[in-house]
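Hello,

Here is the structure we spoke about handing over. Please look through it before reading the notes below.

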Amino acid sequence: MYKTIQALLLLCSFYATSLLAMPSVSIIRSELVQGGFLIAQVASDVNVEFLNRQVDKDGKGIFIIGFGRDHPSQDSLILTKDGKSYQFSLKIAPREWKIERIDGLPPSKVSPKSPEVLKRISQEAQQIREVRASISQLPFFLQGFRLPAKGRISGEYGSQRILNGEPKRPHYGQDIAAAVGSPVYAPASGVVVLAHPDMYFSGATLVIDHGFGLTSTYLHLNEIKVNVGQSIEQGDLIGTIGQTGRATGPHLDWRINWFEQRLDPALFIN
């Protein structure tokens, strides 16, 4: 009996010491759901790892991570300090997704088969991947976002898309329907990293870097009003709504990524 109590006391002492040694994580803003994100802060001497990626921090130890549409319900940050690693558990709430049926699209835009078109699609996808993979130290992921355009919300993030009766990938953006030529404004400050006049699926396409892996993308534009490398402020005019690429009507499809994780733009709106 004495040995059992002694063992329990030692075990409690061990866990208490471990908890005291674990680096603290200060939550700045959390949307712990599929498609959500976490902005938090750790001490400058603490390294953060998530999804097998070393997470960059700003000068104050602040960082952002994101959770894709199908992220599992349990995950963790790996915090390393003085050569010792600790797990900071995260519970990611699941969501239910709507089904969106879109008919009337040209068959070539739903299931392209031409080798030339498939090559073009692959090259354009690679361009998008490259700009989203870059890491900058821009501080604007902390700024808070505004809606980039006025109009009816015609498509929601995460919904299962059925195009011309054929099931396709989920929708990873928020659609805002408005007339061709309606203004599109920067929802947050950043730097333009891609301005393509005519991608096969997304038409005139714009990507803005907000820092530390966070980017926003604007599809089906009629005009692009900014250039690659240009610094923009929140509220600046960046383009106009169009019906370019694979679209049945004029609208803006805007998206947010943390690297390859596709996030829900609606969760970023202040």
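In these notes, helices (H or I, at least four residues) and strands (E, at least two) are DSSP runs, numbered from the N terminus. Proline 148, for instance, sits in the loop between α3 and β9.

This is a predicted model, in which local features need pLDDT of at least 70, side-chain atom pairs count only at pLDDT 80 or more, and totals for chains, interfaces and linings use all residues. Residues are numbered from 1 along each chain as its sequence is written, and side-chain values use heavy atoms, with hydrogens and water left out.

Confidence

The protein chain has a mean pLDDT (the predictor's confidence in each residue, from 0 to 100) of 89, and 91% of its residues reach 70 or more. Residues 1-19 have a pLDDT below 50, and beyond near neighbours in sequence this stretch makes one contact (heavy atoms within 4.5 Å) in the model.

Is proline 148 buried or exposed? Proline 148 counts as buried because its relative accessibility is 0%; buried means under 20% relative accessible area, exposed over 50%, and partly exposed in between (1.4 Å probe, protein chains only). Leaving aside residues up to four places away in sequence, proline 148 touches Ile176, Pro183, Val184, Tyr185, Pro187, Tyr218, Leu252 and Trp254. Its C-alpha atom is separated by 9.6 Å from that of aspartate 236, 88 residues apart along the chain.

Proline 139 is also placed in the loop between α3 and β9, but proline 139 counts as partly exposed because its relative accessibility is 47%. From C-alpha to C-alpha, proline 139 and glycine 190 are 8.5 Å apart in space, while 51 residues apart in sequence.

Glutamine 34

Glutamine 34 belongs to the loop between β1 (26-31) and β2 (37-41). With 9% relative accessibility, glutamine 34 counts as buried. Its side chain reaches the backbone oxygen of histidine 71 at 3.0 Å. Among the residues that glutamine 34 touches, not counting those up to four places away in sequence, are Phe67, Asp70, His71, Ile92, Pro94 and Trp97.

Pockets and cavity

Rolling a probe the size of a water molecule over the atoms shows where empty space is left. On a 1 Å grid over the protein atoms alone, a cavity is a set of points where a 1.4 Å probe fits but cannot get out, and a pocket is an open set with protein on both sides within 12 Å along at least five of seven lines; lining residues have an atom within 4 Å of a point. Grid points are joined across faces, edges and corners, and a volume is the space filled by probe spheres set on the points.

The largest pocket holds about 1,200 Å³ of space. It is lined by 44 residues, of which Arg169, Phe201, Leu219, Arg246 and Arg255 are the closest to its centre. Helix α3 gives the largest share of this lining, seven residues.

The second largest pocket has a volume of about 150 Å³, and its lining includes Arg95, Trp97, Tyr157 and Asp264.

How many cavities of 30 Å³ or more does the structure hold? There is one, and the largest cavity contains about 50 Å³ of space. Strand β4 (residues 53-55) supplies three residues, the largest share of the lining of the largest cavity. Others in that lining include Ile64, Ile135, Phe212 and Trp258.

Regards

Note on methods. A polar contact is a pair of N or O atoms within 3.5 Å; within protein, one must be able to donate a hydrogen and the other to accept it, and residues adjacent in sequence count only if both atoms are side-chain atoms.
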